[in-house]
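Open the model in your viewer and keep the selection tool at hand. The stops below say what to select next and what is there.

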Amino acid sequence: MAAPPEAVARRRVGVLTSGLLREFHICWSFSAGDLTATVVPATTFAVAAWASTNAGVAALPLVLAECLVYFWLYIYTFNLSNQLTGIEEDRHNKPHRPLVVGLVTPQGAKWRLVWVTAAFLALGAALQVLEWTVLWIVAWAFHNHFGGARALWGKNAAMVAGTIAQLAAAWQIVTPLTPVAWTWIVAIAIPLSVLVSLQDLRDIDGDVAVGRRTAIVVFGEPACRRFFAAAFVIYPVAMYFLVYRDAPAPAALVEVAAALLSFVIAYRVLRRRDRRADHTTYLLYTYWYCLTLASAVLAFGT
């Protein structure tokens, strides 16, 4: 005896709901650890762009919604690609990742990468930031699939390109890029070419195991720690002259907070040297990134 139509409909809804929840869980598992380096700061910079236009508050929810979806796809595409090509490395450095624990198969991740990249390109075109979308895809393809991450300069170059693509898209989603916006983007993205290597302190064993030539592997951990500490002390001074010298008082106060956080990072790099501490130090760096872009909201909005 056939099931009643209502029961069939409920079963289909249940299967669809279960599938959607599973996809959300997979997406979250791939992306959650990097939200403070991507979705949060990029959306914050988009709010700075909104503040620069003197647009009404009614325009802000749409900006937030567009950025939430766009930058989630930004990091999801990268992490699918990165983790697909780094399964063995993750067994050493990050054994909790979804491909290592078997949450999804490599084949399943490959198909998701195809569909998510297509969605990312379509949304980039719809939001009129396609050039930055393409730049990011080229950067992570080079980084993950064409050996960039294994070269001393390749990983850092890809991350600089990715940061430019991230911040330029964030601003352009809201309003055309301006020289002042570019000053902020360059002041943050170019120093990243050396500062981003901070994250490699926590992954030395895995990098050595797979033959990755990071700055820390090439120049040694003690020298790199001293270099990072000096850089995080000097960088707030450079940021003052690049973007804060003529900023209004509220933005300058946030800059002071960001500078203090930068000094904390410098201290931790030298004094806290175990793997867990290095992970926390890197997270503090992402918080510095968010705080610095939060100051841009005040700089453009006051």
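Start with Ile216, which sits in helix α12 (residues 215-219); helices here are DSSP runs of H or I with at least four residues, and strands are runs of E with at least two, numbered from the N terminus. This is a predicted model, in which local features need pLDDT of at least 70 and side-chain atom pairs count only at pLDDT 80 or more, while totals for chains, interfaces and linings use all residues. Residues are numbered from 1 along each chain as its sequence is written, and side-chain values use heavy atoms, with hydrogens and water left out.

Ile216 has a relative accessible area of 4%, so it counts as buried (under 20%; exposed is over 50%, partly exposed in between, with a 1.4 Å probe and protein chains only). Show its contacts (heavy atoms within 4.5 Å): leaving aside residues up to four places away in sequence, Ile216 touches Ser197, Asp200, Leu201, Ile204, Glu221, Cys224 and Phe228.

Next, select helix α3 (residues 60-84). Its 25 residues should span 36 Å at 1.5 Å a residue, and the end C-alpha atoms are 36 Å apart, so the two agree (the expected span is 1.5 Å times one less than the number of residues). Of these 25 residues, 18 are buried.

Move to Asn144 in helix α7 (residues 130-145). What does its side chain meet in polar contacts? One partner is the side chain of Ser81 at 2.9 Å, and another is the side chain of His143 at 2.6 Å. A polar contact is a pair of N or O atoms within 3.5 Å; within protein, one must be able to donate a hydrogen and the other to accept it, and residues adjacent in sequence count only if both atoms are side-chain atoms.

Finish at Gln172 in helix α8 (residues 154-174). The side chains of Gln172 and Glu131 form a polar contact of 3.0 Å.
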